[in-house]
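Here are a few notes to get you started. Keep the structure open while you go through them.

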Amino acid sequence: MPIPIGEKARTFALKDQHGNVVTLESLRGRKVVLSFHPLAFTRICTYQMQDLESIKGQLDALNAVALGISVDPVPAKHAWAREIGVKHTPLLSDFWPHGEVAEMYGVFRKDDGFSERAVYILDGEHTIRWVKVYPISERPSIGEILKVLESL
């Protein structure tokens, strides 16, 4: 089960597609979109990350940052980001321990070895303000995500 709205987000430290460590704590004071996706190099996941990249300016204006999270290793994240044109959105590797962050957030699919397609929105104090688990075949709505961020 996903972490309920109103609870504090679980802290983590994961490497992005460039091998840089990104911690949730380093983003305190900013709204955060945690965009879990099953696997790199898949169609809906590609759209999901490109959508986040396309709203970077709007996120900046809302004092927000989006993080893509999947179980893919850093080299795969790096190659995928380059291939799909994602330059500013951190794509975080939840590779080892395998799916640990997805598990902490209640969205790891143990039988499949990857996460649900899920989006958490955290306020500046990193309290969970919105969460939605999507069907694997459904692309998250950027309009819906922006509307929630604007309301915080």
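**Notes for a first look**

1. Let's begin with Cys-45. With a relative accessible area of 1%, Cys-45 is buried, because the cut-off for that word is under 20%. Bear in mind as you read that the model is predicted.

2. Where does Cys-45 sit? Look in helix 1, which runs over residues 43-54. UniProt lists Cys-45 under "active site", though the entry is an unreviewed one. Setting aside residues up to four places away in sequence, Cys-45 touches His-37, Pro-38, Leu-39, Trp-80 and Arg-117.

3. Stay in helix 1 for Gln-48. Gln-48 has a relative accessibility of 2% and also counts as buried. What does its polar side chain pair up with? The side chain of Gln-48 makes a polar contact with the side chain of Arg-117, at 2.6 Å. Beyond its neighbours within four places in sequence, Gln-48 is in contact with Ser-35, Phe-36, His-37, Arg-117 and Pro-140.

4. Now turn to helix 3, residues 74-84, where the buried residues are Lys-77, Trp-80, Ala-81 and Ile-84. They span an arc of only 100° around the axis, so they lie on the same side of helix 3. The general rule is handy here: an α-helix has 3.6 residues a turn, so residues three or four places apart point the same way.

5. What covers that buried side of helix 3? The cover includes helix 1, strand 4 (64-70) and strand 5 (91-93). Trp-80, one of the buried residues of helix 3, is also among the residues that Cys-45 touches. On the face turned away from the buried side, you'll find the exposed residues Pro-75, Arg-82 and Glu-83. After helix 3 comes Gly-85, with a positive phi near 80°.

6. Last stop, Tyr-105. Is Tyr-105 buried or exposed? Tyr-105 is buried, at a relative accessible area of 0%, and lies in the loop between helix 4 (100-104) and strand 6 (108-109). A polar atom of the Tyr-105 side chain is 2.6 Å from the backbone oxygen of Arg-10.

7. Tyr-105 has quite a list of contacts, not counting residues up to four places away in sequence; among them are Met-1, Pro-2, Ile-3, Leu-24, Phe-36 and Tyr-120. Take Phe-36: it is 69 residues from Tyr-105 along the chain, with 9.8 Å between the two C-alpha atoms.

Terms used: Residues are numbered from 1 along each chain as its sequence is written. This is a predicted model: local features need pLDDT of at least 70, side-chain atom pairs count only at pLDDT 80 or more; totals for chains, interfaces and linings use all residues. Side-chain values use heavy atoms; hydrogens and water are left out. UniProt positions are given in the numbering used here, feature names are shortened, and annotations may be inferred rather than shown by experiment. Helices (H or I, at least four residues) and strands (E, at least two) are DSSP runs, numbered from the N terminus. Buried means under 20% relative accessible area, exposed over 50%, partly exposed in between (1.4 Å probe, protein chains only). Contact means heavy atoms within 4.5 Å. A polar contact is a pair of N or O atoms within 3.5 Å; within protein, one must be able to donate a hydrogen and the other to accept it, and residues adjacent in sequence count only if both atoms are side-chain atoms. The arc is that of the directions from the helix axis to the C-beta atoms.
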